[in-house]
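Subject: Structure handover

Hello,

Here is the structure you asked for. Please open it first, then read the notes below.

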Amino acid sequence: MRLNELDAKMRCFEISNDFEILPEIYMIARLDGRGFTKLTKEIHPYKKPFDLEFSNLMVETSKHLMNCGFHILYAYTQSDEISLLFHKKETAFSRKTRKYISILAGEASAKFSLLLGSTGVFDCRISQLPHRELVMDYFRWRSEDALRNSLNAYCYWKLREENKTATQAFDFVKGMSISNKNEFLFKRGINFNDLPLWQKRGIGIYWKTFEKKWINKDISKEVITKQRELIINQELPMKEKYFNLLNDIIPFT
Ligand SMILES: Nc1nc2c(ncn2[C@@H]2O[C@H](COP(=O)(O)OP(=O)(O)OP(=O)(O)O)[C@@H](O)[C@H]2O)c(=O)[nH]1
Ligand SMILES: [Mg+2]
């Protein structure tokens, strides 16, 4: 059998499950650290429940993903996860999910591992959202998940400091209302309202375009070009204000 015949014969086994996301559908990839409970405890002990150094690694990894060949409008990171919103008109790799999932998981794992100095692996999944309101719901979902996890994590680690076992602490937190959790922390000197916003709401990363003046020596004239830079927002707003921010970031066409 000639090579081109063998190629045709074998290729179909590789691509039979290829799936291309329909045009105009919003795509959001979410990457999540694999086994980061162990990594943040045993391999690289980080401060509990939040460590700025760990968060910075997640931000740097998110920035890298926004610069690795896709048209990504917005990255959102909290805990060990990163969500990436693609431009609606993204056409890279004919919108094949296997390409997005494998490349992003690979890029995130490689970048994070280099920054960390040991292995840190990410999985990746993609949500396909048919309209803009669902994109807003998606980011509200992750933001509210961050807030709930933050309150729970502060309570959990306080209880562990007070010599409760992991199961006792977990069950105790599960049985408390939100106001009881706030009160529980307040009695122990933590005002949850005063904690840094990035710990409660996560961090948003998006592009800002600005004009730069420079001298073009060839024509001896000042010229203005448009450039872009990444904004790291560690004080994301909530509710309507968050939707307004997202509306500014996501083009309507
Ligand atoms: N110490 C510390 N741990 C963190 C920090 N941010 C995230 N983590 C930990 O990262 C883990 C993220 O949770 P999960 O993704 O559910 O747990 P996982 O072990 O990664 O499990 P899989 O994702 O299913 O592989 C939690 O255990 C958090 O405690 C941090 O700033 N400091
Ligand atoms: Mg994880």
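Start with the largest pocket: 36 residues line it, and nearest its centre are Thr37, Pro49, Ser79, Ala153 and Trp157. Helix 2 (36-43), helix 3 (52-66), strand 2 (72-78), helix 5 (132-161), helix 6 (166-174) and helix 8 (197-201) each give two or more residues to this lining. Helix 5 gives the most, with nine residues. By class, the lining has 14 nonpolar, eleven polar and eleven charged residues. The pocket holds about 1,100 Å³ of space.

Some background. This is a predicted model, in which local features need pLDDT of at least 70, side-chain atom pairs count only at pLDDT 80 or more, and totals for chains, interfaces and linings use all residues. Residues are numbered from 1 along each chain as its sequence is written, chains are lettered from A and ligands numbered from 1 in the order written, and side-chain values use heavy atoms, with hydrogens and water left out.

Terms, briefly. On a 1 Å grid over the protein atoms alone, a pocket is an open set of points with protein on both sides within 12 Å along at least five of seven lines; a cavity is a set where a 1.4 Å probe fits but cannot get out; lining residues have an atom within 4 Å of a point. A volume is the space filled by probe spheres set on the points, which are joined across faces, edges and corners. Helices (H or I, at least four residues) and strands (E, at least two) are DSSP runs, numbered from the N terminus. Ala, Val, Leu, Ile, Met, Phe, Trp, Tyr, Cys and Pro count as nonpolar, Asp, Glu, Lys and Arg as charged, the others, Gly among them, as polar.

Now the ligand. Ligand 1 takes the space of the largest pocket (more than half of its atoms lie within 2 Å of the grid points). Its shell has 16 residues, the closest being Asp32, Gly35, Phe36, Thr37 and Asp51 (a heavy atom within 4 Å). Helix 2 gives the largest share, three residues. Glycine 33 lies 2.9 Å from a ligand oxygen. Aspartate 51 lies 2.8 Å from a ligand oxygen. Lysine 47 lies 3.0 Å from a ligand nitrogen.

Last, the cavity. There is one of 30 Å³ or more. Arg140, Ser143, Glu144, Met238, Lys239, Tyr242 and Phe243 line it.

Best wishes

Terms used
Polar contact = N/O pair within 3.5 Å; in protein donor to acceptor, adjacent residues only side chain to side chain.
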